Amino acid sequence: MVATTSASLTPPLVVLCLCVSVVIRCLVGFFGHSGQNDPPLYGDFEAQRHWMEITYHTPISEWYFSTKNNDLNYWGLDYPPLTAYHSWLCGYVAHNFLNSSWVDLHSSRGIEDDSIRQFMRGTSLIVDVLIFIPAALCWVSLCFYRASKRHNMIHQNSRNQELKQLSSYQTLDKRKQKIVTLSTHPKESRLTNIFYFFALLLHPAFILIDHGHFQYNSKDFVKGLVHLTYTGIVVLGTFILCFLPFLFDIRLISQVIHRLFPISRGLFEDKVANFWCIADVFLKMRQTNDAASLARISLTTTVAAILPSGIHVMMKPSLRNFRLALINSSLAFFLFAFQVAICMFEYPSCATAFMTVATISMFPLLYRDHQAIPFIATLGLSVTVYWVAFMCQKTTRLQRVLVAGSTSVGLLLCLLYVLVAPPPHLPDLWSLVLATYGFSHFMLAFLYFNGQQLLSK
């Protein structure tokens, strides 16, 4: 039904977008990855490979436990079971059909040759093609199918009113033909659809993290496309299905929860653009509080940040409030939750700003992984597409100037990070400045969208 609407995506352009996005992902994969040539722990690339090794060679009851074959201090599994199942499948394919040495127990640690790189890059690409890209296509098609219905209804009402006002048959025939032509050939809508779809596929943060740094993230891309009740049922059913092997043993499920919430690792790692990283500069919270106390503080703050938006959407349920509540809860979790790592989500009215800020705030991590060239290329291309898809059609001149200015400041900070050495007594200066740059944008967005929801009539 979606494909037959006037606002549907045309197949040739869809194929072109798919090919371009796949080629870009492949090109990014030719550059470095997390922890490359950096023993003994290496990085997230080795973590993903190690999880294939562990999940394939050990029983499911040992995946989240420290045993003689599973040292949790060496990239112990701390992602949900769905990720573990994916690792097991990749490990099964590698061991039985390609090269068992890639996932040999213990002896495969630190392997980084070209063959394993190609295999792991390929697994990320395949999952993108099978899951992420179809999800993006369905989301854009459904959104614009609804928009097309509203568009046609408005044109139909306008056409009926104009037809009633026409007295001459000749004039009626000409005007009718003109109105029908305008309402049945919305070329602008089709072009907009393509740009929206292309913009989703080119999100540089997804591409650089999944296919450069190498850490599966866009595989968790989920959009609420139906009523909240149906979404809740699907989420609950998916949760039960994923955790089913662990639900009947309290020891197992307790250990899984313990691994998924790594309190012992501290409030945050590296220089992430959230509240705690910035506040710790002045309050020295990690020096004056233990991990358990910080976890309680973080939990209380996160719940307090989410409650106003959550209560409001319950008291005044509407699609608009629900969407704003999703944004506000996402930002609250990123800004105040325990051990967050990255902020990536889409919302058309601010997509360009969020995309650029999220990507720029990750520059220190990407630069260490030798991803500077892919960073420049993917960010430049995506900014161009996002600008056409969102900024030029839905924003004022002032908003466009603000986004351009913010992006320019972020890129200048990236140049300073590369070209200007920090003072010896402040080795993390530029990383912290970039984190502050990202935090200021995300906090302003959090306040703005909460205001949009709570103050709306």
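In this predicted model, C242 is buried, because its relative accessibility is 12% and the limit for a buried residue is under 20%. C277 is likewise counted as buried, at 2% relative accessibility. How many disulfides does the chain contain? The count comes to zero disulfides. In general, a disulfide is a covalent bond between the sulfur atoms of two cysteines.

**Overall composition**

The protein chain has 18 helices and zero strands. Of its 457 residues, 44% are buried. Among the contacts with a separation of 6 or more, 77% are accounted for by residues 24 or more positions apart.

**Nonpolar cores**

The largest nonpolar core holds 65 residues, and the members that touch the most others are F197, L331, L335, F375, F442 and F446. Helix α18, residues 429-454, supplies the largest share of this core, with 10 residues. Apart from it lies another core of 12 residues, and C242 is one of them, together with others including Y64, L77 and L252.

**Two helix pairs**

The axes of helix α12 (residues 291-315) and helix α13 (residues 319-336) come within 9 Å and cross at roughly 175°. Helix α12 is therefore roughly antiparallel to α13, since angles over 145 degrees are classed in this way. On the side of α12, the contact is made by S298, T301, T302, A305, I306, S309, H312 and V313. From α13 come N321, F322, L324, A325, N328, S329, A332, F333 and F336. By class, this contact has nine nonpolar residues, eight polar ones and no charged ones.

T300 also belongs to helix α12. Is T300 buried or exposed? T300 is exposed, because its relative accessibility is 55% and exposed means over 50%. Between the C-alpha atoms of T300 and A337 the distance is 9.3 Å, while 37 residues separate the two in sequence.

In the second pair, helix α2 (residues 44-57) and helix α3 (residues 81-98) have axes that come within 7 Å and cross at roughly 85°. These two helices are therefore roughly perpendicular to each other, because that class covers angles of 65 to 115 degrees. Helix α2 contributes W51, M52, T55, Y56 and H57 to the contact. These residues meet T83, A84, S87, W88, C90, G91, Y92, H95 and N96 in α3. The contact of α2 with α3 divides into seven nonpolar, seven polar and no charged residues.

**Backbone features in the loops**

Most residues other than glycine have a negative phi, and most peptide bonds are trans. Which residues are joined by a cis peptide bond here? The bond lies between P39 and P40, with omega at about 5°. P40 is located in the loop between α1 (11-28) and α2.

The loop between α1 and α2 also holds N37, which has a positive phi although it is not a glycine. H370, again a residue other than glycine, has a positive phi as well. The loop that contains H370 runs between α15 (363-368) and α16 (372-394). The table sets out the values for these residues.

| Residue | Phi | Relative accessibility |
|---|---|---|
| N37 | about 55° | 61%, exposed |
| H370 | near 60° | 54%, exposed |

Note on methods
Residues numbered from 1 in each chain as written. Predicted model: local features only at pLDDT ≥ 70, side-chain atom pairs only at ≥ 80, totals over all residues. Heavy atoms only, no water. Core = buried A, V, L, I, M, F, W, Y, C linked by side-chain atoms within 4.5 Å. Buried < 20%, exposed > 50% of the residue type's maximum accessible area, 1.4 Å probe, protein only. Helix = DSSP H or I, 4+ residues; strand = E, 2+ residues; numbered from the N terminus. Axes fitted to C-alpha atoms, helices over the stretch in contact; angles between N-to-C directions. Parallel < 35°, antiparallel > 145°, perpendicular 65-115°, else oblique. Contact = heavy atoms within 4.5 Å. Nonpolar A, V, L, I, M, F, W, Y, C, P; charged D, E, K, R; others polar. Disulfide = S-S within 2.5 Å.
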